[in-house]
Amino acid sequence: SQRRQPPLLTTTYYTKSCPRFEQIVQDVTTNKQISSPTTAAAALRLFFHDCFVSGCDASVLISSTHFSKAERDADINLSLPGDGFDVVVRAKTDLELTCPGVVSCADILAVATRNLVVMMGGPYYTVKLGRKDALISRASDVEGNLPRPTMPMDQMIRIFNSKGFSVQEMVALTGAHTIGFSHCKEFSSILYNYSRTLQSDPAYYPEFAKSLRSACADYTKNPTLSVFNDIMTPNKFDNMYYNNIRKGLGLLSSDHTLSSDQRTRGFVELYSTNQDAFFQAFVRAMEKLSVYGIKTGKNGDIRRRCDSFNNN
Ligand code: HEM
Ligand SMILES: [Ca+2]
Ligand SMILES: [Ca+2]
């Protein structure tokens with residue numbers, strides 16, 4: 001049997017073909033984050049949702065047409081904020097002026113995400129380059145590839161394992177919930193109607209549950225209502241998320257389960273007491289995530305626009 005070699009990305013991919021690549025992406029991400037501070041969390045979640053569905057290939061950036069419903073319009077992706085898409089489009093626009101047809105949307109999203117994590121106070125990690133953009137984006141491919149907050153731990157672990165990510169890596173990556181928001185509907189079922197006998201015992205700190213109920217009181221009429229994922233340091237990329245979930249200050253059912261399940265609890269405890277350990281684990285897991293399922297050569301192309309394929 002033949003062993004297929006993993007396609008190789010390099011850190012110097014654009015050194016000759018687009019020497020200003022890093023600088024252009026850096027300028028765009030900085031300006032965008034300053035004018036729209038929700039961009040960092042938006043891009044980080046967008047990147048996760050791209051990579052877990054057929055690899056880090058910008059498949060999530062494609063817009064639907066009359067003929068085909070793209071990933072972006074799968075129900076779980078409808079809450080992806082526009083700022084994440086917008087920062088990629090802005091960088092692409094600048095890059096097409098400087099080095100047309102050279103830089104992939106997938107590489108832009110990967111580097112923009114890293115830059116934004118760093119801007120929020122998170123750790124720097126290496127992003128290798130040379131990803132090609134996907135030739136396919138189908139909403140029907142999304143289901144089953146992304147975790148949902150109401151899933152039991154077994155199922156969440158199965159999704160991560162199926163992509164080669166360990167329980168430890170799952171816990172480290174989910175530290176991303178140290179920034180950003182969740183809409184009320186994502187945790188309303190456990191907020192209004194929970195029983196402590198369930199395996200998915202949400203174990204909200206009672207005062208926290210009370211304040212969430214009041215913040216979300218109107219959410220059926222106003223579906224845009226949302227709450228910080230990390231109530232203590234919502235705008236700082238740190239290890240506070242792990243401290244929160246140990247105290248019942250996690251938002252989503254999946255956040256609570258992370259600190260109650262015996263398979264994940266040890267990692268939560270480690271990262272809550274040792275930010276260096278979290279950052280090191282996050283760096284390794286993001287480096288791994290960012291090369292997951294990447295396309296090279298003829299398996300992909302360099303899109304002219306990030307939201308549509310080249311052949312139309
Ligand atoms: C472990 C399973 C996970 C589940 C069940 C989950 C679920 C969710 C849900 C329901 C939201 C709220 C979305 C909204 O209401 O708009 C959210 C937000 C977010 N998630 Fe996750 N997530 C998981 C893991 C991850 C991972 C691995 C990352 C990145 C590496 C990530 C990054 C984010 C970010 C940054 C936000 C905030 C988005 C924003 O503010 O726009 N999540 N997640
Ligand atoms: Ca993808
Ligand atoms: Ca935080």
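**Close-up 1. Contacts of His 177 in the predicted model.** Leaving aside neighbours within four places in sequence, His 177 is in contact with Asn 229, Asp 230, Tyr 241 and Asp 255, where contact means that the C-beta atoms, placed from the backbone, lie within 7 Å. His 177 sits in the loop between α6 (167–174) and β1 (181–183); helices (H or I, at least four residues) and strands (E, at least two) are DSSP runs numbered from the N terminus. His 177 counts as buried because it has 25 C-beta neighbours inside 10 Å, the threshold for buried being 20 or more other C-beta atoms within 10 Å. The model is predicted, so that local features need pLDDT of at least 70 and side-chain atom pairs count only at pLDDT 80 or more, while totals for chains, interfaces and linings use all residues. Residues are numbered from 1 along each chain as its sequence is written, and chains are lettered from A and ligands numbered from 1 in the order in which they are written.

**Close-up 2. The shell around ligand 1.** Of the 25 residues around ligand 1, Ala 41, Pro 147, Ala 176, Gly 180 and His 183 come nearest, a residue being near if its C-beta atom, placed from the backbone, lies within 6 Å of the molecule. The largest share of this shell, 5 residues, comes from α2. Because domain 1 (21–145 + 292–299) and domain 2 (164–287) both give residues to the shell, ligand 1 lies between them; the domain bounds come from an automatic or database domain assignment.

**Close-up 3. Ala 42 in helix α2.** Ala 42, which lies in helix α2, is buried, with 24 other C-beta atoms within 10 Å. Not counting residues up to four places away in sequence, Ala 42 touches Pro 81, Asp 83 and Gly 84.

Conventions
A residue is buried if 20 or more other C-beta atoms lie within 10 Å of its own, exposed if 12 or fewer, and partly exposed in between; C-beta atoms are placed from the backbone. Two residues are in contact if their C-beta atoms, placed from the backbone, lie within 7 Å.
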